[in-house]
Amino acid sequence: MKSSTIVEKYPTYRDEFFTSTQRWLEGKRLDDNAENLWRIHDKLYDLEDFIRTHPGGRDWIELTRGIDITEQFETHHITDHAEKLLPKFYVRDAAHARNYKITFHENGFYKTLKRRVASKMSQLNTSAVATSGFYCDLMLASTIL
């Protein structure tokens with residue numbers, strides 16, 4: 001039997017000769033135990049009402065219905081803003097343990113790194129970014145003119 005180092009159960013449809021994104025997502029839905037909701041850690045959320053206002057766009061949220069999005073959630077949200085929104089969409093705890101062995105302990109490597117990056121980001125000089133944007137806009141306008 002095949003195995004993987006980061007998952008408890010070898011991914012469904014992984015070894016099919018012809019595959020597609022939809023087929024991969026279908027296998028992921030079978031393996032992730034998210035019950036047609038969005039799973040983050042060991043909790044299930046209904047993000048249906050959040051789809052239209054998600055800052056990253058609606059497509060990704062729609063595609064990931066029924067999937068464990070823990071890693072994506074943790075790695076794409078540096079500040080705690082998204083984490084504070086989650087309770088609003090909480091449905092229930094998941095019935096089964098996560099298929100993934102990856103953890104995000106509060107004092108572990110990733111969460112510690114995330115806190116340090118967030119701290120540094122808050123100290124960035126935003127005027128340099130604004131100035132750069134101004135010059136980009138100026139060059140675009142001069143090109144069009």
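**Note on salt bridges, sheet and core**

1. Asp32 is buried, at a relative accessible area of 1%. Buried here means under 20% relative accessible area, exposed means over 50%, and partly exposed lies in between (1.4 Å probe, protein chains only). Lys28 is also buried, at 11% relative accessibility. A salt bridge joins Asp32 to Lys28, with 3.0 Å between the closest N and O atoms. The term covers a side-chain nitrogen of Lys or Arg within 4 Å of a carboxyl oxygen of Asp or Glu. Asp32 and Lys28 sit four residues apart in helix α1 (residues 21-32), so about one helical turn separates them. Helices (H or I, at least four residues) and strands (E, at least two) are DSSP runs, numbered from the N terminus.

2. A word on the source. The model is predicted: local features need pLDDT of at least 70, side-chain atom pairs count only at pLDDT 80 or more, and totals for chains, interfaces and linings use all residues. Residues are numbered from 1 along each chain as its sequence is written, and side-chain values use heavy atoms, with hydrogens and water left out.

3. How many salt bridges are there by this rule? The count comes to 18. One of them joins the side chains of Glu35 and Arg92, at 2.5 Å from N to O. This pair links distant parts of the chain, 57 residues apart: Glu35 is in the loop between α1 and β1 (38-40), and Arg92 is in strand β3 (residues 90-93). Glu35 is partly exposed, with a relative accessible area of 37%. Arg92 is partly exposed too, at 34%.

4. Glu106 and Arg115 form another salt bridge through their side chains, at 3.3 Å from N to O. Salt bridges with shared partners join Glu74, Glu83, Glu106, Lys111, Lys114 and Arg115 into one network. Within it, Arg115 is partly exposed, with a relative accessible area of 39%.

5. Next, the sheet. Three strands form an open sheet in the order β1-β2-β3, with antiparallel pairing. Two strands count as paired if DSSP finds at least two bridges between them. Strands β1 and β3 are the edges, as each pairs on one side only. On average, neighbouring strands are turned by 30 degrees against each other, direction ignored. Such angles run from 0 to 180 degrees between N-to-C directions; axes are lines fitted to C-alpha atoms, for helices over the stretch in contact. Strand β2 (residues 43-45) meets β3 over three bridges, in the antiparallel sense. Lys43 has Asp93 of β3 as its bridge partner.

6. Which residues have the most contacts inside the largest nonpolar core? They are Trp38, Ile40, Tyr45, Leu47 and Ile69, in a core of 14 residues. A nonpolar core is a set of buried Ala, Val, Leu, Ile, Met, Phe, Trp, Tyr and Cys residues joined through side-chain atoms within 4.5 Å. Beyond its neighbours within four places in sequence, Ile40 is in contact (heavy atoms within 4.5 Å) with Tyr45, Ile69, Thr70, Phe73 and Leu86.

7. Asp68 deserves a look. Its place is in the loop between α2 (58-63) and α3 (70-76). Asp68 is buried, with a relative accessible area of 1%. Its side chain makes a polar contact of 2.6 Å with that of Thr70 and a polar contact of 2.7 Å with that of Arg98. A polar contact is a pair of N or O atoms within 3.5 Å; within protein, one must be able to donate a hydrogen and the other to accept it, and residues adjacent in sequence count only if both atoms are side-chain atoms. Not counting residues up to four places away in sequence, Asp68 touches Lys28, Asp32, Ala34, Arg39, Arg98 and Tyr100.
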